[in-house]
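The sequence and structure are shown first.

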Amino acid sequence: MTAVKNSARLGRRVAAARWTSGAVAIAAALGLVVSGLPTSGATAATPSSLTVRWVGDSSSAAANQPPRSETSVHFSQFRNLSVTVSQTADLADQSIRVAVAGFAPTQSSSSFGTNARNFIQAMQCWGPDPLAPDFRETCQWGGRYFSANNGVGDSVFVDNTMRVSSLDIAPGTPGAADRDVPFRTIDGREFSGLLTNDDLDSDGQLETRYPILDIFGPATTNEVTSARVGADGTGFFDFEVQSADQAPHMGCGTAEARRCWLVIVPRGSVFSGKPSEATPDSASGACSQYLPLNRFEPYPFGFSGADQGGSPLNPACDYWDNRIVVPLDFRPTGASCELGSAEQRVIGSELMVSAMSSWQPDLCSALKTTFSFATNPDRLARVRLLEGQASVAYSGYPLSSGELETEVERQLLADTDFAYAPVAISGVAIAFLSELPDGRVENLTLSPRLLAKLLTQSYRFTVPVSTGDPQRNVAHLPAVNRTYFYLNQDPEFQALNPTNFSQFTQNPALLLPGPGGADAFRQVWRWLQSDAAAVAFLNGEPDPYGMTVNPYYLPLGHPNATVPEADDLGRWIGADGQVVASVADARRKPVGLSNIDGSPLSLATAPIDTFLKADRSQVVLQVGVLPGGGPRYARFDTLQFAPYVESMLSGSRAAFRAEPNSRTIWDPSAINAAGEVGDWRSTGAQLPGQKFMLVITDSASALRYGLSLAKLQGEGDDAAISFSSASLSAALSALRPTNVATVKQVDPAAVSGAGYPLAIITYAAVNLTEAPAAERAVLASMIRRVTTSGQTPGTGSGQLPPGYLPLTPSLVAEATAAATLVERYPNVGTSSTTPPVPPLPGFNDAGDPVDSDPTPEESGAEELTEAVGEGPAAEPIARSALAVALFGGLAGVFGAPLLMRGRLT
């Protein structure tokens, strides 16, 4: 057997995209408070929810609040203010919801910003004493500064974003050093809040820079610069808390700072610039040099009706004195197992990231074993388990011979026994963040056909175009498609969202994980392929309003799979091969999807577990002059315009932060992947009131970042289905056996009534033939623990995080049987791979649909805890004991300047 296995390893040909694990630069999102509390339940209060009042507080955080005085110029404005934070304990890298009450509605200014008076600012601080004079130096604030892509826009006056005033920001300003508010890291380093020019650039010249950007900036900060308040003085915003894994400079969750703080600074309508000795009767410009209309000096201290200028940290203002401080208790980061503990390698499905983040510390404590977890595409994880490279592989389906590439591997599979234990019920989510001028929109309904339109880049806003010639790059799209400048112009979208389609005034930025595959993505395609309307669209038939699929996504050889031909400079090519002026005169070239062997691939029928970015059109623009004097061109295509996100978790975080990462700004000084000078960079986060993000992710990651979940309505469905514990439970009646009797999966085609069609079961697979007896005993104990105590909903260590449904009794029984098989093999005398049963439609070895008899699963499972979830950081976490690594594909190419993004920002 060993010789066969070694041959399999040596002979294996991995036909897959190359993976990178580079961190995604994600700009922070600003909160947008809307009137009323959330109704979706996705970020409902947890047992650690805490309400703190501005004055007269009696909560557990009362001792952390600064003193209030009735003589304060702010007292009448803030006396009724309170904030409720949805979760303050067992925190990881996630979002929490902050509800505001008893305030005044946000007012705009005619002179500078959309949020001029009565708004909220928020930041995270690590200092041990929130009442200490230097506590403000431990707060993450100032990362937005002046950068063009900081995500702030004109939401507040610019000196709100600094740590000091604009008077002091210039290098060498006399006396500025005494007014500096540096940021102090948990290890004692200080970074000035002033601009400096004491470093030399590459040319030997003094370089002006903002030192704090060396620690955090627009791509990493979680500061909320301006959150609006609704007309009735209430509302909410979501805040991203960051552990030491995301923000090591604060160290939250480490032994030095298990407790950090959420600091909320209300900004009313009274100016807070303190008088100076030189100007005792008026405000010093050391707070803010903002000059309102018809004034030639800053507001005086206490001026009522003032637009809010000045940093919340600046000691020359008294805004900081009005802060509300809320404790944030983090889960421990780093190693939890004792040194010398045994280690088991677990790989596989991203659906298990949040669950494993919660289970790992408990497993360490109970079993004295480190279960290190690294995500992989499910298919790859199954093969690695076959080859003995891991102890456990999480996936939705069993390994089949059709996934293997060599006869040696297929023989190895035939000689290997596996056990499969169901460990989690969750769902694939079509999650979104929509913060528009009227506030946050939380209701959105999608159909399989409408999602198919988005996945196939069939709308004009899903392909890159140039501002100089906006029609050229959409010329390959069908005529009706080109008439929809916005998603809400599609009659299908209007019919699905009849009461609020007009609110979606932005086009969505669609974030897709990839390019690697996942069983979760397979479930999405199976849902589309089970819907007659979506299948017809993918086959090239028009919807009722005449819209048809992008030709690039038709099967190769389809009569409509042609596009106008262009050369490398984007010029149209005529029938004689010469350049022509009009697209009408361009010859057509064949396009379309094909398999590796060249045969046509149909999205309507093919088993597929990835999201393609198949539109090959390019924008070609001149971006400079070559050294020899000729024009320099750069090409921009789909992967530049809408890059993949590396994982479902990082996609959820990017959606929360409203960062499409669309690289549409030409930077002549950047170095591209080829080592050449000049490259495209991101335009940054979408602006307040102009956010619309869509992401395909897992339910736990979506809830963890407070995203809204789209309702799903297929052809012939009576109503749209929301993601909930009830809809997940109802979907279990559609469980069908796969090609292994002990593995069942939800068949979207069989889901009916109130069932959520994208529900999915995750299994823990163990290679019985490979694992030694001592290891199998530990793995059996692991399976028993995570399928019993690990199914208790909650945010604590060892519990089942929000976004999962507890296993039903029959699934627990199946897991128990699998654990027994793992423990007693080979003495049990049965193999989990026999007897075979007819596989699910679309998943036999040949890829052909095969029907099977229903095997219903009972409903009535425990309630799903619908609150913000938790888990590991979006970036890979490399810890000596607990490792939850996210490996993803991030493709990048070169592209073009000054591009229309279909109002993605």
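A disulfide joins Cys287 to Cys317, with an S to S distance of 2.1 Å. This pair links distant parts of the chain, 30 residues apart, and both Cys287 and Cys317 lie in the loop between strand 11 (259-267) and strand 12 (324-329). The torsion about the S-S bond of Cys287 and Cys317 is about 110°, so this disulfide is right-handed.

## Basis of the values

The model is predicted: local features need pLDDT of at least 70, side-chain atom pairs count only at pLDDT 80 or more, and totals for chains, interfaces and linings use all residues. Residues are numbered from 1 along each chain as its sequence is written, and side-chain values use heavy atoms, with hydrogens and water left out.

Helices (H or I, at least four residues) and strands (E, at least two) are DSSP runs, numbered from the N terminus.

## The other disulfides

With a disulfide taken as a pair of cysteine sulfur atoms within 2.5 Å, the count comes to three. In the link of Cys125 and Cys139 the sulfur atoms are 2.0 Å apart. Cys125 belongs to strand 4 (residues 119-125), whereas Cys139 lies in the loop between strand 4 and strand 5 (183-184), 14 residues apart from it. Both Cys125 and Cys139 are buried. A torsion of about 105° about the S-S bond of Cys125 and Cys139 makes the disulfide right-handed.

Cys252 and Cys260 also form a disulfide, their sulfur atoms 2.0 Å apart. The link of Cys252 and Cys260 is left-handed, with -100° about the S-S bond. Cys252 counts as buried at 0% relative accessibility, and Cys260 is buried with a relative accessible area of 0%.

## Cavities

A search of the whole structure finds seven cavities of 30 Å³ or more. A cavity is a set of points, on a 1 Å grid over the protein atoms alone, where a 1.4 Å probe fits but cannot get out; lining residues have an atom within 4 Å of a point. The largest cavity holds about 220 Å³ of space, a volume being the space filled by probe spheres set on the points.

Of the 20 residues that line the largest cavity, the closest to its centre are Thr462, Leu510, Lys613, Phe641 and Ala642. Helix 6 (448-455), strand 20 (509-511) and helix 11 (638-641) each give two or more residues to this lining; strand 20 gives the most, with three.

Key:
Buried < 20%, exposed > 50% of the residue type's maximum accessible area, 1.4 Å probe, protein only. 1 Å grid on protein atoms, 1.4 Å probe; cavity = no way out; pocket = protein on both sides within 12 Å on 5 of 7 lines; lining within 4 Å.
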